[in-house]
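Thanks for coming, everyone. Please have a look at the structure first. Then I'll walk you through it.

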Amino acid sequence: MPSTRPDRPQFLGTWWEKTIAVVVLIAGALLVLQWWQGRQPSGPARPGMAPATVVSEDATKDGRAELTVRYSVDGHSHKLTKSVDAAAFSAQGKVAWVCYAPGDAGDASIRLPQDPLCGQK
């Protein structure tokens with residue numbers, strides 16, 4: 001009796017099946033890589049900005065004003081006192097914003113509406 005081998009299915013037998021498998025694997029690897037890089041922070045953390053409520057304004061002799069403002073970040077209220085140009089503060093509608101460090105909302109500065117945005121020079 002002659003010995004016969006059972007027919008085994010060939011896995012990815014033709015060249016086009018192999019090509020499709022390689023393309024699918026590369027596309028999957030690229031998607032995983034893009035997802036992984038999207039989870040990582042890109043570049044340095046930028047400062048945050050919050051609206052402020054002016055609590056008090058005290059004029060000084062040199063044309064500056066000591067502003068005390070209250071602002072809220074992530075549900076926590078903070079208070080800040082800094083010196084600003086009194087004429088600019090008055091001319092810009094007596095509105096103030098607060099720029100704060102990303103990890104420490106207590107590390108802040110006062111920004112008037114026409115000042116550069118937080119973190120820009």
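**Starting from one threonine**

Let's begin with T68. Leaving aside residues up to four places away in sequence, T68 touches T53, V54, V55, S56, K79, L80 and T81. Touching here means a contact, with heavy atoms within 4.5 Å. T68 is found in strand 2. Is T68 buried or exposed? T68 counts as buried because its relative accessibility is 12%. For the cut-offs: buried is under 20% relative accessible area, exposed is over 50%, and partly exposed lies in between, with a 1.4 Å probe and protein chains only. The T68 side chain also makes a polar contact of 2.9 Å with the side chain of T81. A polar contact is a pair of N or O atoms within 3.5 Å; within protein, one must be able to donate a hydrogen and the other to accept it, and residues adjacent in sequence count only if both atoms are side-chain atoms.

A word on the model. It is predicted: local features need pLDDT of at least 70, side-chain atom pairs count only at pLDDT 80 or more, and totals for chains, interfaces and linings use all residues. Residues are numbered from 1 along each chain as its sequence is written, and side-chain values use heavy atoms, with hydrogens and water left out.

**The sheet**

Now the overall layout. The protein chain has two helices and five strands. Along the sequence, the pattern reads α-β-β-β-α-β-β. These are DSSP runs, numbered from the N terminus: helices are H or I with at least four residues, strands are E with at least two.

The five strands form an open sheet in the order 3-2-1-4-5, with antiparallel pairing. The edges are strand 3 (76-85) and strand 5 (108-111), and each pairs on one side only. From one strand to the next, the twist averages 35°. Those angles run from 0 to 180 degrees between N-to-C directions, with axes as lines fitted to C-alpha atoms. Pairing requires at least two DSSP bridges between two strands. Strand 1 (residues 48-59) and strand 2 (residues 64-73) pair antiparallel over seven bridges. In that pair, A59 stands opposite A65 of strand 2.

**The core**

Which residues have the most contacts inside the largest nonpolar core? They are V69, Y71, L80, V98 and I110, in a core of 17 residues. A nonpolar core is a set of buried Ala, Val, Leu, Ile, Met, Phe, Trp, Tyr and Cys residues joined through side-chain atoms within 4.5 Å. Strands 1, 2, 3, 4 (96-100) and 5 each give two or more residues to this core. Strand 2 gives the most, with five. Take L80: beyond residues up to four places away in sequence, its partners include V69, Y71, V98 and I110. Across the chain, 19% of the 121 residues count as buried.

**Loops**

Q92 lies between helix 2 (86-91) and strand 4. Q92 is buried because its relative accessible area is 17%. Its side chain reaches the backbone nitrogen of Q114 at 2.9 Å.

K94 sits in the loop between helix 2 and strand 4. K94 has a positive phi of about 55°, although it is not a glycine. At 45% relative accessible area, K94 is partly exposed.

D74 is in the loop between strand 2 and strand 3. D74 is not a glycine, yet has a positive phi of about 55°. With a relative accessible area of 72%, D74 is exposed.
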